Amino acid sequence: MTLTIVLAAGSPAAGLPTRAGATLADRLADQWRRAGASQVRHAADLAELAALADAATGPVIVSGADLVAHTAVLRHLATSPVGPTVALVLTDPPAPGRAVVREERGQVVDAAVDGQLDGGATGAFGGALRVGLDDLPALAAAARAADSGGSPAGAALGPDPAGPAVDRLFAGLTALGTLTFAHRVRLLVAHRVADPAGLAAAEAALGAVDEDKAELRLSVKEKDDFFTTYFVSTWSPYVTKACARLRLTPTGVTAISVLFAVAAAVLFGVGGRPALVTGAVLLYLGFMLDCVDGQLARYTRHFSAWGGWLDTMADRAKEYVVYAGLGYGATAAGYRYGWALAIAAMTLQTVRHMTDTWYGVLHDEAARRPKTAGVGGGGIGDKLNAASTRVQADTGSLSYWLKRTVVFPIGERWALIALTVALFDPLVSLVVVLTWGVLAFAYTGALRTLRARWMRVPVLDTVDATLHRDDGPLAARFPALRPVGPLTLAVIGVLGPAALLVAALLRAGGDGDPAGLRWAVPAALLVLLVAGLGAGAAHNGPLDWLVPAALRAGEYVFAVAVGVVAGVPAWVVFGYVFVLTLHHYDLTARLEKRQAAPPLHPWTLGWEGRSVLLAIAAIVGFAAVVMVTLGAYLFMVFVGSVVLAWVVLPARARRAAGVPARGGVRQPG
């Protein structure tokens with residue numbers, strides 16, 4: 001249930017007559033109803049708004065009465081999936097009495113009336129915001145402070161401050177430190193007006209835009225990768241429109257894209273030029289549908305945490321199934337290391353994604369604390385940060401596309417796989433993907449490390465480090481080796497398994513027998529467990545965002561090394577690591593969607609518990625059986641957590657609250 005409060009205080013434009021005859025305030029209230037608001041109330045002043053916020057039991061939309069906008073703009077703000085509290089931000093020039101904002105990475109980090117910002121303004125407040133349930137106490141406090149002529153930050157606004165009350169309210173809410181995301185208007189129209197001439201001009205601008213066509217174009221991501229932008233998004237909106245007319249859901253489109261990827265993987269495994277070319281075409285179409293599911297979600301405004309989680313998990317599962325098809329196809333064609341290359345590609349991509357996720361969290365945290373982000377004193381990190389910002393702002397330039405392409409995003413990966421497998425064979429495809437992936441990892445890793453040292457913002461001390469480290473009961477009992485630091489310990493932990501794997505591969509490639517290294521498995525395990533000594537230490541170093549990726553690398557490399565030493569079939573090792581990636585992507589997807597831990601997470605044994613079991617199995621000679629059994633067990637725990645988290649527990653909560661069940665919706669991908 002969403003309450004919309006139209007606040008006309010301080011806005012003389014509220015009583016202006018529109019073309020339809022109704023006042024601007026009344027027309028705006030009707031638009032909010034058509035945008036999905038379950039209840040619309042008019043507030044005479046900020047004191048009344050504070051009382052309404054105190055009594056609200058769900059999200060609240062606060063709207064000034066001087067806004068002229070397409071109804072779609074209001075609907076997009078009301079349904080925005082970026083966060084619980086979202087503000088409309090416009091490019092209009094600042095006006096007296098109205099608030100301007102400064103934003104970073106989509107977050108409003110500062111707002112003030114009449115341009116009194118600590119730094120340059122990046123936009124103007126659009127006079128409307130959606131406030132999440134947890135932020136309603138801050139909204140009420142900001143309203144009462146602004147109503148008394150002051151602000152929560154202690155600044156006096158005078159006994160009779162000029163300008164719309166909604167702007168003072170928003171500036172006060174920001175001063176309280178409320179995490180607010182910016183919602184920008186593209187293609188559609190939204191303006192704030194102050195007089196009849198401004199109203200007439202804004203209404204004329206509204207009439208010049210086809211609202212539905214604009215919404216369809218808006219379903220495409222504003223900034224996407226080169227291949228997606230020019231070879232998919234040029235025609236995928238037509239498919240999106242057709243899916244909407246057929247009443248397909250985004251989840252249904254995701255399922256179809258998974259089928260396309262699986263079919264492509266099967267054809268890659270079958271081999272032969274016709275099968276490889278057909279598989280490449282199916283892979284391209286599957287990627288197009290992967291774009292369409294997100295576009296359909298944005299076009300129909302069907303968002304949910306479940307949909308966002310599903311989109312993330314499906315993307316990774318499809319890609320790794322394709323790697324499996326390439327690995328099998330290369331092996332069937334007579335190449336010895338087909339499966340090994342597939343395992344390497346999957347491991348590399350997962351570790352890369354872990355760094356991507358945590359670097360994004362780091363950047364968001366830095367944006368929320370801009371005053372402490374630059375305490376490192378500038379230097380090369382400062383210059384790199386400024387250069388990156390300039391390149392990102394130069395949309396469509398050669399440097400912009402080079403920056404977006406060199407990091408090897410998913411569109412480029414799928415395009416490269418389809419092209420190389422159609423022209424050559426699965427082995428060439430895997431080699432090329434691995435080569436580009438390693439170079440991209442080195443490039444992004446080096447630059448991000450330098451920038452992170454400059455930002456000096458702790459990340460893992462703001463979340464549950466034990467959860468995202470994936471520590472089990474053994475690591476919880478390890479003493480904390482605080483002076484060394486968790487990142488150093490995690491990196492040391494990778495070295496033992498890596499040395500064992502290299503030695504085993506050298507023996508397997510020569511005349512030796514990797515099984516002769518079984519005695520070295522306990523030694524590699526002990527080195528790996530060194531990473532557990534950082535579990536109890538503070539994760540507040542400037543580079544500690546790399547800890548989860550290092551732990552993932554250590555566990556995966558150890559599992560692969562055990563498989564090589566113990567002679568486990570390569571496809572079994574691939575399957576086991578694949579299940580591990582599902583578990584770890586579940587953790588990061590929940591982090592990105594601000595969800596709680598998986599319900600059955602304690603049953604996953606932790607990275608150290610699973611590694612100990614594999615080591616014991618390798619020593620006693622049952623590594624293959626234990627790897628299959630442990631993989632099957634982890635997969636069942638994963639499925640159980642999914643069912644509990646997204647089906648059983650929400651159903652129980654709805655029954656307890658007396659809320660009827662709702663159809664499945666998703667966040668855009």
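Buried means under 20% relative accessible area, exposed means over 50%, and partly exposed is what lies in between (1.4 Å probe, protein chains only). Keep those cut-offs handy for this tour of a predicted model, where local features need pLDDT of at least 70, side-chain atom pairs count only at pLDDT 80 or more, and totals for chains, interfaces and linings use all residues. Residues are numbered from 1 along each chain as its sequence is written, and side-chain values use heavy atoms, with hydrogens and water left out.

**Stop 1: an aromatic pair**

Select Tyr284, which at 25% relative accessibility counts as partly exposed. Rings of Phe, Tyr and Trp (its six-membered ring) pair if their centres lie within 6.5 Å; planes under 30 degrees apart count as stacked, over 60 as edge-to-face and the rest as tilted. The structure holds 22 such aromatic pairs. In this one, the ring centres of Trp235 and Tyr284 are 6.4 Å apart with planes at 35°, so the pair is tilted. It connects distant parts of the chain, 49 residues apart: Trp235 sits in the loop between helix H8 (226–231) and helix H9 (236–245), and Tyr284 in helix H11 (residues 273–300). As for the labels, helices (H or I, at least four residues) and strands (E, at least two) are DSSP runs, numbered from the N terminus.

Phe226, Phe227, Tyr230, Phe231, Trp235, Tyr284, Phe287, Tyr400, Trp401 and Trp414 form one aromatic cluster.

**Stop 2: the H8–H9 loop**

Stay in the loop between H8 and H9 and pick Ser233. Is Ser233 buried or exposed? Ser233 is buried, with a relative accessible area of 12%. Contact means heavy atoms within 4.5 Å. Leaving out residues up to four places away in sequence, Ser233 touches Val220, Thr228 and Gln295.

**Stop 3: two positive phi angles**

Go to Arg301, in the loop between H11 and helix H12 (305–332). Arg301 is not a glycine, yet has a positive phi of about 60°. Its relative accessible area is 15%, so Arg301 is buried.

Next, select Leu187, in the loop between strand S9 (180–184) and strand S10 (190–192). Leu187 also has a positive phi without being a glycine, at about 70°. Leu187 is partly exposed, with a relative accessible area of 35%.

**Stop 4**

Show strand S8 (residues 123–131): nine of its nine residues are buried, so S8 is largely enclosed by the rest of the structure. Two strands pair if DSSP finds at least two bridges between them.

- Strand S3 (residues 60–64) pairs with S8 in the antiparallel sense over four bridges; Ile61 has Arg130 as its bridge partner in S8.
- Strand S5 (residues 86–90) is antiparallel to S8, with four bridges; Leu90 stands opposite Ala124.
- Strand S6 (residues 99–104) runs antiparallel to S8, joined by two bridges; Val101 stands opposite Gly123.

**Stop 5: the cavities**

On a 1 Å grid over the protein atoms alone, a cavity is a set of points where a 1.4 Å probe fits but cannot get out, and lining residues have an atom within 4 Å of a point. Grid points are joined across faces, edges and corners, and a volume is the space filled by probe spheres set on the points. How many cavities of 30 Å³ or more are there? The count comes to five.

Keep Leu90 and Ala124 on screen: both are in the lining of the second largest cavity, along with Asp92, Pro93, Pro94, Ala95, Arg98, Ala99, Phe125 and Arg192. That cavity has a volume of about 60 Å³.

The largest cavity has a volume of about 70 Å³. To see its lining, select Val579, His583, Asp586, Pro598, His601, Thr604, Leu634, Val637, Phe638 and Ser641. Helix H24 (570–592) and helix H26 (623–657) are the elements that give two or more residues to this lining, and H26 has the largest share, four residues.

**Last stop: Val521**

Finish at Val521, in helix H22 (residues 521–529). Val521 is buried, with a relative accessible area of 0%.

How values were computed. 1 Å grid on protein atoms, 1.4 Å probe; cavity = no way out; pocket = protein on both sides within 12 Å on 5 of 7 lines; lining within 4 Å.
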